Structures are given as structure tokens and as C-alpha cells.
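Please keep the sequence and the structure in view while reading.

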Amino acid sequence: MTIAWNNKQNWLKSAHNTKWCLIGCALGDFGTIAYFQFTTHNLTTLTVMMLAMVNGLLTSIALETIILVRAKFSLSDALKTAFGMSFISMLAMEAAMNLTDYAFTGGAILTWWVIPISLFVGFITPWPYNYWRLQKHGKSCH
């Protein structure tokens with residue numbers, strides 16, 4: 001099956017879904033980096049970045065669950081849907097954000113000018129995949 005890449009409705013819907021995923025991922029990711037940036041610790045940069053990615057995934061799932069519960073999903077259905085979201089998309093987003101941080105700062109350092117770049121790269125990376133998934137399978141998290 002050939003995918004039509006010109007469905008404006010699905011680009012908008014996939015952008016909306018990607019935005020919510022980005023907010024959830026960024027909260028956990030940036031929060032973890034900020035914590036370790038301002039706290040004395042002995043962890044390596046790679047360890048901090050891995051913890052940031054894990055926390056980003058967890059906060060994304062938590063935020064998605066809250067959104068779905070507010071949309072009248074039962075808690076169990078909301079959790080199943082949140083866990084069933086594309087981990088490929090979330091992992092790509094997290095990796096893109098952290099690789100951007102690493103490229104500009106050496107890793108696990110938040111600066112005011114890197115945050116918007118990381119958010120942009122984190123959004124753009126999974127967005128086409130989210131569109132493709134919606135277009136091909138009709139799967140969307142909202």
C-alpha cells in the first residue's frame with residue numbers, strides 16, 4: 001500500500017499527537033537533566049542522559065494517561081493506550097533531543113538556547129512516522 005503524504009488533516013492530527021508526546025517527554029527529560037545539573041553527583045554524562053530518557057518516557061506515558069482519563073477513558077484503558085503508543089516514536093524523540101543536547105553542549109547540560117533547538121528536533125524527528133502510522137493504520141493516541 002502506497003502512503004499518501006498529502007493528507008493535511010492527518011498531518012495536523014499527527015502534529016497534535018506529537019506535541020503532547022513532546023511535552024511529556026520534555027518534562028521528564030529536562031527535569032532530570034536540570035536536577036543533575038544543579039546537584040553534586042558522580043554519575044557519568046551517559047548515565048544522566050539515559051536516566052533523562054527513561055524519565056521522559058515515563059512522564060510522556062503519565063501525561064497521556066491523564067489526557068485519556070479526562071477524555072472519559074477508564075484508567076485501565078487509558079494506561080493500555082498510553083503504553084500501546086508507539087515506543088518507536090517516543091524513543092526517536094528522546095534520542096533526538098538528547099543527541100541535540102550532546103552535540104551542542106557535550107551532554108546533560110540545559111542552556112536557554114539549546115532547549116528550543118532540542119524541542120524542535122524532538123518534534124520533527126517522530127512527526128513523519130506518526131503521520132505514516134495514522135495514515136496507514138489509522139492509529140493515533142487521541
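Begin with cysteine 21, which touches Ser60, Met90 and Met93 when residues up to four places away in sequence are not counted. The model is a predicted one. Cys21 also belongs to the largest nonpolar core, a group of 17 residues, where Cys21, Leu22, Phe30, Met90, Met93 and Met97 touch the most other members. Helices H1, H2 (residues 45–70) and H4 are the elements that each give two or more residues to this core. H1 provides the largest share, with seven residues. As a general point, nonpolar side chains in soluble globular proteins tend to be buried together.

Now step back to the whole chain. Its secondary structure consists of six helices and zero strands, and reading along the sequence gives the pattern α-α-α-α-α-α. The radius of gyration is 16 Å, close to the 14 Å that the globule rule gives for 142 residues, so the chain is as compact as a globular protein of that length. Along its principal axes, the C-alpha trace spans about 50 × 35 × 25 Å.

How much of the chain is buried? Of the 142 residues, 40% are buried. The contacts can be sorted by separation in sequence: among those between residues at least 6 apart, 76% join residues at least 24 apart. The chain exposes about 8,000 Å², and carbon and sulfur atoms supply 69% of that area.

Helix H6, residues 127–137, has its own set of buried residues: Asn130, Tyr131, Arg133, Leu134 and Gln135. What covers them includes helix H1 (8–37), helix H3 (75–84) and helix H4 (87–105). After H6 comes glycine 138, with a positive phi near 70°.

Which residues form the nonpolar patch on the surface? They are Val69, Leu75, Leu79, Phe83, Phe87 and Leu91, and together they have about 510 Å² of accessible area. H3 and H4 each supply at least two residues of this patch, and H3 gives the most, with three. Phe83 counts as partly exposed because its relative accessibility is 48%, a value between the cut-offs of 20% and 50%.

Most residues other than glycine have a negative phi. Lysine 72 has a positive phi of about 80° although it is not a glycine, and alanine 108, likewise not a glycine, has a positive phi near 55°. Where do they lie? Lysine 72 is in the loop between H2 and H3, whereas alanine 108 is in the loop between H4 and helix H5 (114–124).

Are these two residues buried or exposed? Lysine 72 has a relative accessible area of 75%, so it is exposed. Alanine 108 is at 13% relative accessibility and therefore counts as buried.

Key
Residues numbered from 1 in each chain as written. Heavy atoms only, no water. Buried < 20%, exposed > 50% of the residue type's maximum accessible area, 1.4 Å probe, protein only. Helix = DSSP H or I, 4+ residues; strand = E, 2+ residues; numbered from the N terminus. Contact = heavy atoms within 4.5 Å. Patch = residues over 30% accessible without salt bridge, like charges linked within 9 Å, V, L, I, M, F, W, Y side chains within 5 Å. Areas by Shrake-Rupley, 256 points an atom, 1.4 Å probe, with all protein chains shown as cover. Salt bridge = Lys/Arg side-chain N within 4 Å of Asp/Glu carboxyl O. Core = buried A, V, L, I, M, F, W, Y, C linked by side-chain atoms within 4.5 Å. Rg over C-alpha atoms; globule rule 2.2 N^0.38 Å.
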